Amino acid sequence: MGFLFDSNTWQEIFGSIGKNRTRTIITVIGVLWGIFIYIVLSGAAKGLDNGFEKQFQNVAMNSMFTWAQSTSMPYKGFKTGRQIQLKLKDVSILKNRIPEIQYIAPRNVKGVFGGGPAQIIRGGKSGNYAVYGDYPISTKIATKKIYDDGRFINDEDIDGARKVCVIGERTQKELFEIDENPIGNYIRIDNVFFQVVGVHKFTPGGGFESDSDIYIPFTTFRKLYNTGENVGWFAIAAYDDADVIKVEENVKAILKAIHNVNPKDDRAIGSFNLGEIFNRIVGFAKGLTFMSLVVGIATILAGVIGIGNILLISVKERTKELGVRRALGATPREVRSLIILESVFLTMIAGVMGIILGAGVLSLINKWTQGMDFPYANPTVPIPYVLGALAIMVVLGTLIGLIPAQRAVSIKPIDALREE
């Protein structure tokens, strides 16, 4: 391995490169372009994946939401246009019949789907805000970030139908003074006093929810607005290994059976499957990554083959020189190592330059996409992938260098010296 640190070795390599400068540059660009495409496309796919994960980081990935609508087909004596109403007892039925369901949270709201918002009064200040009736389990499906000193609704609140609430950031700003701590204070929700136990931090990506929403226990909501066993909609999260599309189909089929809806009626039960959408996005990102790998490797391979051709030409042009080296005692191993080293060197230089340029482009993309509404964040390529790509390039450079190296070794000194 001493030849690696021999100045004469590198002097010969650079001399060879200098003799074929234009061809060498064009060929190196081919290899550079291959690794550049791989880095940029893989990083872009990762940025898309990161963006959607960040957008939905507070919502279970395998989640869905289902609600009742009006029927579009007659069934068992019921006419078309009948309004379906989900009930609290549906929860236990769905849980028992669909083992893939991990969490299911019944929810109600006033002030979002067509109804007027609740009137909230605190001292001399007032406003109209949406009020949700929730169970603590809802935070397992859609996380709520609560500021210090506060909390979300708990099981004791549900069991005792307590008059407690969690308000939003904007609600706090509009009803309380700047330096006033709302925790422990009271507000009136439709003329009923509620104690504030927490302030939730608004996080984008939660659908129709906003920074002014107020959350109260589901049982308290039921008493306040006399909703009885009625449920507005169900938030459902399936286990990670479950087929969320199949879970959605089963949920709708069971709800149709419970509420005497024609099994072929697609309008009676509405749903939104976040898990299906997320899986499509992840699949698209993986497809883009795979495409970048195929295109990158193909381009790198084409460039490396070009390097092999350049070295073959170089060997032919240096026939006499190589013959002299052999006549002066150079072993076949030394000649072979020189040619292979030149091949690997050119491949590595092209690879490193491609990685640097790709990283620069990803950095610019990251800068340009910051602050955009489109879900895109931190386009990067994992270091192991980059090192793996470099290792593949070294292997390919070595293998392709064997061809001109063998050609150089096969030159007989006596024949080379006769070469004009």
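Start by selecting Thr-171, which sits in helix H6 (residues 169–175); helices here are DSSP runs of H or I of at least four residues, strands are E runs of at least two, and both are numbered from the N terminus. Show its contacts, meaning heavy atoms within 4.5 Å: leaving out residues up to four places away in sequence, Thr-171 touches Tyr-129, Phe-176, Asp-211, Ser-212, Asp-213 and Ile-214. Is Thr-171 buried or exposed? Its relative accessibility is 0%, so Thr-171 counts as buried (buried is under 20% relative accessible area, exposed over 50%, partly exposed in between, with a 1.4 Å probe and protein chains only).

A word on what you are viewing: this is a predicted model, in which local features need pLDDT of at least 70, side-chain atom pairs count only at pLDDT 80 or more, and totals for chains, interfaces and linings use all residues. Residues are numbered from 1 along each chain as its sequence is written, and side-chain values use heavy atoms, with hydrogens and water left out.

Next, select Tyr-132, Phe-152, Tyr-215 and Trp-233, which form one aromatic cluster. Rings of Phe, Tyr and Trp (its six-membered ring) pair if their centres lie within 6.5 Å; planes under 30 degrees apart are stacked, over 60 edge-to-face, and the rest tilted. By this rule there are six aromatic pairs. One of them joins Tyr-132 and Trp-233 edge-to-face, with 6.3 Å between centres and 80 degrees between planes. This pair links distant parts of the chain, since Tyr-132 is in strand E6 (residues 131–134) and Trp-233 in strand E13, 101 residues apart. Trp-233 is buried too, at 5% relative accessible area.

Now move to the largest nonpolar core, with 43 residues; such a core is a set of buried Ala, Val, Leu, Ile, Met, Phe, Trp, Tyr and Cys residues joined through side-chain atoms within 4.5 Å. Colour Leu-94, Ile-101, Phe-234, Val-247 and Val-251, the residues with the most contacts inside this core. Elements giving it two or more residues include helix H3 (90–97), strand E13 (233–238) and helix H8 (244–258). E13 gives the most, with six residues.

Zoom in on Val-251: setting aside neighbours within four places in sequence, Val-251 is in contact with Met-64, Thr-66, Leu-94, Ile-98, Ile-101 and Ile-236. Apart from this core lies another, of 25 residues, among them Leu-32, Ile-340, Ala-350 and Leu-362.

Finish with residues 25–45, where the chain is 100% helix and 0% strand, and the end C-alpha atoms are 30 Å apart.
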